[in-house]
Structure formats: structure tokens, C-alpha cells
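Q: Could you walk me through this model, starting with how its strands are put together?

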Amino acid sequence: MNKLLNVLGLATFGGAIALSLSVSSAQAQEWPTDDVRLVVPYAPGGTTDVLSRSVADLLQEELDTNVVVENRPGAGSTVATGRLARGGRDVDHTILMASPGHAIGAAIYPNLAYDPVEDFVFIQNMIDIPNVMVVPADSPYDNVSDFVEAAKEENMTFSHSGVGSSIHMSGELFKTLTETNMTAVPFAGSGAALPALLGGDVDVSFENMPTVYSHIQSGDLKALAVTSAERSEYLPDVPTLNEIGKYNLDQFITTAWFGLIANESFPEEGVTVLQEALQKVMAREQFTDFVDQLGAKKGTIAGEEFKAFIADEVARWDEVAAEAGIRQE
């Protein structure tokens, strides 16, 4: 009888453990328990917005829950990012599509009420888009070296889509590294900047690939270099800036990156579920086609590696902002 009770006791104890493990496993899979909000820190219509909506459509299929896109533009993405850093009632289900503005904004506005690295969880880098150094079709410059030599002797102008954009900061970085005479000419977005470049009103730009690719293909613009670490498969004959071999351009590697982040208190199980779902999203044919249309590459870093990348970006753009005199104290 005692042996039977002992066996029953062990069985009950074992059952309790199994039930506990089952409950723990179920709890780990409970996230999300509500709709997921994907915040876009820019106005509708731009690359960040279009990418976010594409990701949201695919992600909600993987999560089997609504993923609602919400645009909150302002101050180079710092308005929405600051709100995310403060947290709030729905912080456990809010993510944000960050871009170079996340690091550049911190460099331009050093007195932000949040830390761009420590106040966030870095979930997944989604895509990287190279910028392209382009000049008008009738420009006398056919390569980077000729352009730099001329810019050392005379003042050149470069267009950009707004202070603090990756296009603007790429131009400032080029100017700093090559020690050339270049004046930034701001426009209200790439849509306004492009006609000035095509018309020869400015000498050069460091535009995002999707904006200028068709104009390069048509011959309306000449591509002198791409800003990524490796040549773009979409412009295989165009060198990277860092392979020029002089003018300090071996230090010039930058892309327009886009990735999902969350408040530092975002639940760990949510991060795990999202990272697994996003890997499935990035493997989908629809996402691959979208990336190809942008002339981009899929992101390869997540978690701590993504965080380390952002820390390096903040430090790099901080130096550029100081050198360019565009820091807002």
C-alpha cells in the first residue's frame, strides 16, 4: 500500500512538473496578446513607410494578429523615437521602424531626452540600401578622382533631401574625408532635390539607390560610386567609394539601413517571437521581390550585433555633425 502511495505521489509530482512546464511553455508563446503597433517616424509615402507597410502585411500573417502601421513624423524621427523611449500603456506591443535618422538624430540633437542605444531593444535589421554618388549626365566628371581634384580647387554643391538625412550626412562625410570645397543645398525631400540634380543646378548628390537607379539606367545621371562596402549587384560596374584607394575614402562605408526596435522594457518572449517571425517574413518571395525593387540587400544582423552597429553609427555621425557644424546644442 505504501509503495502504491509512493508511486502515486511520484506520478502526481511528475504530473505537476509536466503541467508547470506546459504552462511555462504556453506563457512563453502567449505574446502577442493584443494588436501590434508598428510606428513609422516619417510621413506616409517614403521608403520607411512603404517598407513598414510591406513588413506589416507579411508579419501579421506570421503572427496571426493585426499589425497596425502608425505614422508619427517629426524632427528627423526623434519625435516618435522619444515617445517610444518613454514607454506607455501599450509598450509591450509597440515596435518602430528605425533608419539612419535614429543615429544621425542623436548626433545632431545631443540633448535628446533618451539614449539612442541603451533605451531600446534592437530586434532585427530588415534591409540595407546603398547611396549612390551621382552627377548630371553632362557633368565633366566621369570618376571620383576627377571630381575630388576639381572640388579641391573650386566650390562644388551637393543636394540632399533634408538636414540629417543619410543623403545629407553622406555628402558631409565625403567632404570631410576628402577635404574638398562643397556646399550643401537642402531640399524638402528627394522628390524636390532630384530635378535640381537632373537639371545640373547642383554638381553632385549621394542619393538613395531607388531614387536614382532608373535615371542612371536611362543615362540622365552618371553614377561615380556606391557607398556600400561591396559593389551593388544592380550597378556591378560602379566602384565603391572605399575601393578608390585615396582621399581617405577607405573609411567611407555607409548605407540607408532600416530595422525594427522597441522600448528597453519590451518583453523577451516578444523579441524571440518577433525575430523568428521576421526571419520567415524575410524568406518570403514577396519580401525578396520588394527588396529587389529597391536595389537593396536583406539585413543580416539582430539583437546585440544590431545594437553594436547602432552604437558605432552614433559615434561616427557625431563626429561628422560636429565637423559640419550642424549640431543643435
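A: Two strands pair if DSSP finds at least two bridges between them, and strands (E, at least two residues) and helices (H or I, at least four) are DSSP runs, numbered from the N terminus. This is a predicted model, in which local features need pLDDT of at least 70 and side-chain atom pairs count only at pLDDT 80 or more, while totals for chains, interfaces and linings use all residues. Residues are numbered from 1 along each chain as its sequence is written, and side-chain values use heavy atoms, with hydrogens and water left out.

Q: OK, what stands opposite I127 in β10?

A: That is K298, and β4 (residues 120-136) pairs with β10 (residues 297-298) in the antiparallel sense over 2 bridges.

Q: And how many bridges join β4 to β9?

A: There are 9, and β9 (residues 255-263) runs antiparallel to β4, with V121 opposite A262.

Q: How many residues of β4 are buried?

A: The count is 17 of its 17, where buried means under 20% relative accessible area, exposed over 50% and partly exposed in between, with a 1.4 Å probe and protein chains only.

Q: Back to I127, what does it touch?

A: Leaving aside residues up to four places away in sequence, I127 touches several residues, including L51, W257, F287 and K298, contact meaning heavy atoms within 4.5 Å.

Q: Which residues touch the most other members of the largest nonpolar core?

A: I95, I127 and F287 do, in a core of 50 residues; such a core is a set of buried Ala, Val, Leu, Ile, Met, Phe, Trp, Tyr and Cys residues joined through side-chain atoms within 4.5 Å. Apart from it lies another core of 47 residues, among them Y141 and L224.
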